[in-house]
Amino acid sequence: MRVILNLEQQASFNRIMRGWVMANDRIQRGMQHNGDLIVLVDGNTICFNLANFSKAYREKFILNNFELYCTQLFLAVKPQIQVFLKNEGFRSYDFQCVFLLQDMTWSKMEKVGSYGTNLFLP
């Protein structure tokens with residue numbers, strides 16, 4: 001049986017991600033909108049809304065290699081996700097990661113372990 005995070009856990013996850021974004025000066029300097037950059041929806045889907053970045057930031061860092069930027073962004077937030085999972089009592093959890101930027105979308109499954117294990121799934 002597959003476990004889905006409940007609404008309280010989703011809200012906690014989203015608070016942690018907002019805190020990470022606010023504490024990251026490089027990310028904050030690139031933000032154009034104060035909307036949520038990283039949001040957990042439906043219990044297992046993490047949406048990365050890259051449209052919140054300024055046009056200059058997107059052109060400099062994202063558009064030249066969209067998939068690489070997405071992977072690097074996920075790897076940057078992964079330690080926060082691991083702490084969240086550990087605090088919630090999960091050893092690992094499967095997330096559907098969806099990266100959105102205007103007409104571009106990239107999606108992949110990520111299995112994140114709360115004890116440093118990470119498996120990339122095709």
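This is a predicted model: local features need pLDDT of at least 70, side-chain atom pairs count only at pLDDT 80 or more; totals for chains, interfaces and linings use all residues.
## Helix α1

Helix α1 comprises 17 residues, numbered 7-23. From its first C-alpha to its last the helix reaches 24 Å, close to the 24 Å expected at 1.5 Å a residue. At the start of α1, the backbone nitrogen of E8 has a side-chain oxygen of N6 within 3.0 Å.

Several residues of α1 are buried, namely Q9, Q10, S12, F13, N14, M17, W20 and V21. The elements that cover these buried residues include the helices α2 (25-30) and α4 (66-88), together with the strands β1 (38-41) and β2 (45-49).

## Residue T45 in strand β2

Strand β2 contains T45. With a relative accessible area of 14%, T45 is counted as buried, because buried means under 20%. Its side chain is joined to that of N44 by a polar contact of 3.5 Å.

When neighbours within four places in sequence are left aside, T45 is in contact with V39, L40, Q96 and V98. By contrast, A56 lies 28 Å from T45, C-alpha to C-alpha, although the two are 11 residues apart in sequence.

## Salt bridges

Side chains of opposite charge can pair when their charged atoms come close. The structure holds 4 salt bridges. One of them is formed by D36 and R18, whose closest N and O atoms are 3.6 Å apart. This pair links distant parts of the chain, since D36 belongs to the loop between α2 and β1 while R18 belongs to helix α1, 18 residues apart. D36 is partly exposed at 33% relative accessibility, and R18 is partly exposed at 35%.

Another salt bridge brings together the side chains of K111 and D94, at 3.6 Å from N to O. K111 is in strand β4 (residues 104-113) and D94 is in strand β3 (residues 92-101), so this pair ties together parts that are 17 residues apart in sequence. K111 counts as partly exposed at 27% relative accessibility, as does D94 at 25%.

E59 has a relative accessibility of 46% and counts as partly exposed. K55, at 52%, counts as exposed because the cut-off for that class is over 50%.

Notes. Residues are numbered from 1 along each chain as its sequence is written. Side-chain values use heavy atoms; hydrogens and water are left out. Helices (H or I, at least four residues) and strands (E, at least two) are DSSP runs, numbered from the N terminus. The expected span of a helix is 1.5 Å times one less than its number of residues. Buried means under 20% relative accessible area, exposed over 50%, partly exposed in between (1.4 Å probe, protein chains only). Contact means heavy atoms within 4.5 Å. A polar contact is a pair of N or O atoms within 3.5 Å; within protein, one must be able to donate a hydrogen and the other to accept it, and residues adjacent in sequence count only if both atoms are side-chain atoms.
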